[in-house]
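Thanks for making time this morning. I would like to walk you through one model, so please have the sequence and the coordinates open as I talk.

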Amino acid sequence: MLTSCTKTIVERVECTNWKIVDIEVPESSWRWDNRGFYTATVNVPELSTYVFTDGFVQCYEVDGDYQFVLPYTRYKDDGEFRWETTLDYEFTPGHVDFYCSSNDFAEDFPGAKRFRMVLHW
């Protein structure tokens with residue numbers, strides 16, 4: 001059997017503009033979704049259609065002096081049980097949805113969180 005590969009050439013455009021958007025998600029913004037995770041939606045007017053289609057977006061969780069690139073998994077142990085909690089996100093022009101899920105689908109409430117969104121275009 002023979003196969004062939006195709007190659008798409010995309011014009012390279014230098015990203016010379018960038019913006020950092022600091023996002024605070026208070027405890028009251030998290031909502032439990034019956035599919036097994038918490039979600040919080042945040043309006044981000046800086047996330048334009050142009051940035052969405054022609055730019056680059058990266059989010060981080062900010063915890064004290066540390067930043068963790070998303071998605072990020074934390075391993076937890078309460079002495080009796082061990083589980084992992086994952087923070088991730090998805091976005092569309094104008095807003096970002098953050099998700100917090102546990103591997104055992106328990107309602108492990110995320111509490112207040114700080115995020116940093118970096119936009120490049």
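Predicted model: local features only at pLDDT ≥ 70, side-chain atom pairs only at ≥ 80, totals over all residues.

Let me begin with the open sheet, which has 5 strands in the order S2-S3-S8-S7-S6 with antiparallel pairing. Strand S2, residues 31–33, and strand S6, residues 72–77, stand at the edges with a single partner strand each, so one side of each is left without a neighbour in the sheet. On average, and with direction ignored, neighbouring strands of this sheet are turned by 25 degrees against each other.

Is Thr86 buried or exposed? Thr86 counts as buried because its relative accessible area is 19%, and the cut-off for that class is under 20%. Apart from residues up to four places away in sequence, Thr86 touches Tyr72, Thr73, Tyr99, Cys100 and Ser101.

Turning now to the largest nonpolar core, we have 21 residues, and those with the most contacts inside it are Ile23, Phe98 and Met117. Two or more residues of this core come from each of strands S1, S3, S4, S7, S8 and S9. If we again leave out residues up to four places away in sequence, the residues that Ile23 touches include Val42, Val44, Val96, Phe98, Phe115 and Met117, and also Lys113 and Arg114.

Notes:
Residues numbered from 1 in each chain as written. Heavy atoms only, no water. Core = buried A, V, L, I, M, F, W, Y, C linked by side-chain atoms within 4.5 Å. Buried < 20%, exposed > 50% of the residue type's maximum accessible area, 1.4 Å probe, protein only. Helix = DSSP H or I, 4+ residues; strand = E, 2+ residues; numbered from the N terminus. Contact = heavy atoms within 4.5 Å. Pairing = 2+ DSSP bridges. Axes fitted to C-alpha atoms, helices over the stretch in contact; angles between N-to-C directions.
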